[in-house]
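Please look through the sequence and the structure below before reading on.

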Amino acid sequence: MRVGAIDCGTNSIRLLIADIDDGGRLTDVVRTMKVVRLGQGVDATGILADEALARTFAAAEEYAGQLRGHGAESLRFVATSATRDAGNRQVFVEGIRDRLGVEPEVISGGEEAELSFTGAASALSAHPDERILVVDLGGGSTEFVLGNGSGVLAARSTDMGCVRFTERHLVSDPPSAAEIEAAEKEINAYIDEVLRDVPLGDADRLVGVAGSITTVTAHAMGLAEYQPDAIHGTALDAAKTREACTSLLRMSRAERADLPYMHPGRVDVIGAGALIWRTISDRVGELTLGQVDGATASEHDILDGIALSAARPRSEAN
């Protein structure tokens, strides 16, 4: 079956067209991303900006053509943090419906977490009893999901992300020490909240997904260009993760823009993403008493989870 999946987040809108075999394995036909910054200003205003909606609708129109051209039989469109928070989200819903012919699903943080785990787990080699902590670091939210071969054991979605924290804290170029300290304090407060629901210290392995984490990995690897196949499955120890995150955080926007693997739409927010990832990696290491030293980057994430769910009857997918 050929399916389409669209993940519309705070920073980017991504399309996956894939074939799914009888064993539930995905084979990519198209996997692409556009940075539209749908969540521009939402943290402060509570509404989706007109220019952000225009960028997102233009991308949706382009994706509609690709879906038709490749003969996708089913499409699931999922919207996450920025749309959950927006008072005018009905404008977004109607605009997407008009362009793609499907109702965009504004999913809860809990469902976002489960889809992220499903997508990441689909591409991981793991013992059935291994407890994997998947962290999906997005533009407006970050999901923490602990699971094993049986599925999700515990999950929590938080309102922290690279766009939200750039707008809220890291406004200088490069960020000041005071801005970094304030942001880090809030990140740790969110992690403390996560611990009420998710026993992070029980993790056997830490897996990070989404663009901030894969870009940190590309930076640590010193790639000549962004190479998903090289990044996927790469494990960095805690020291290398911290070094790469700190390097990106201290750079100016101009310095980050010169990096050959840096997407233009990520230049201004990667500092906040790196700080969030550095803090999470450090805390997980502490909570596991050093048993989890660093993390593995995955290029497979919520988008894969959406595609897998698009192949099932909607009653079962929900």
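## Thr279 and its surroundings

Leaving aside residues up to four places away in sequence, Thr279 touches Glu184, Ile187, Asn188 and Ile191, where contact means heavy atoms within 4.5 Å. This is a predicted model, in which local features need pLDDT of at least 70 and side-chain atom pairs count only at pLDDT 80 or more, while totals for chains, interfaces and linings use all residues. Residues are numbered from 1 along each chain as its sequence is written, and side-chain values use heavy atoms, with hydrogens and water left out.

Thr279 belongs to helix H12, which covers residues 270-287; helices (H or I, at least four residues) and strands (E, at least two) are DSSP runs, numbered from the N terminus. Although Thr279 and Ile187 are 92 residues apart in sequence, their C-alpha atoms are 7.2 Å apart in space. Thr279 counts as buried because its relative accessibility is 4%, and the cut-offs are under 20% relative accessible area for buried, over 50% for exposed, and partly exposed in between (1.4 Å probe, protein chains only). A polar atom of the Thr279 side chain lies 2.8 Å from the backbone oxygen of Leu275.

## Two further buried residues

Ser74, in strand E4 (residues 74-79), is buried because its relative accessible area is 17%. Beyond residues up to four places away in sequence, Ser74 touches Met1, Arg2, Val3, Gly4 and Ala310.

Arg205 is found in strand E9 (residues 205-209) and is buried, with a relative accessible area of 18%. Among the residues that Arg205 touches are Leu124, Glu130, Leu133 and Thr296.

The table lists side-chain polar contacts, meaning pairs of N or O atoms within 3.5 Å; within protein, one must be able to donate a hydrogen and the other to accept it, and residues adjacent in sequence count only if both atoms are side-chain atoms.

| Side chain | Partner | Distance |
|---|---|---|
| Arg205 | side chain of Glu130 | 3.2 Å |

## The nonpolar cores

Which residues have the most contacts inside the largest nonpolar core? They are Leu133, Phe144, Trp277 and Ile280, in a core of 47 residues; such a core is a set of buried Ala, Val, Leu, Ile, Met, Phe, Trp, Tyr and Cys residues joined through side-chain atoms within 4.5 Å. The elements that each supply at least two residues of this core include strand E6 (132-137), strand E7 (142-148) and helix H7 (177-194). H12 gives the most to this core, with eight residues. A second, separate core of 27 residues includes Cys8, Ile17, Ile96 and Val102.

Rolling a probe the size of a water molecule over the atoms shows where empty space is left. On a 1 Å grid over the protein atoms alone, a cavity is a set of points where a 1.4 Å probe fits but cannot get out, whereas a pocket is an open set with protein on both sides within 12 Å along at least five of seven lines; lining residues have an atom within 4 Å of a point. Grid points are joined across faces, edges and corners, and a volume is the space filled by probe spheres set on the points.

By this rule there are three cavities of 30 Å³ or more, and the largest cavity holds about 60 Å³ of space. Its lining includes Thr166, Asp173, Pro174, Arg253 and Ala272.

The largest pocket holds about 750 Å³ of space. Of the 40 residues that line this pocket, Arg14, Met33, Gly211, Arg266 and Asp301 are the closest to its centre.

## Backbone features

Most residues other than glycine have a negative phi, and most peptide bonds are trans. The peptide bond that joins Asp173 and Pro174, however, is cis, with omega about -5°, and Pro174 is found in the loop between H6 and H7.

Ala210, in the loop between E9 and H8, has a positive phi of about 90° although it is not a glycine. Leu289, in the loop between H12 and E11, has a positive phi of about 55° and is likewise not a glycine. Are these residues buried or exposed? Ala210 counts as buried at 15% relative accessibility, whereas Leu289 is exposed, with a relative accessible area of 75%.
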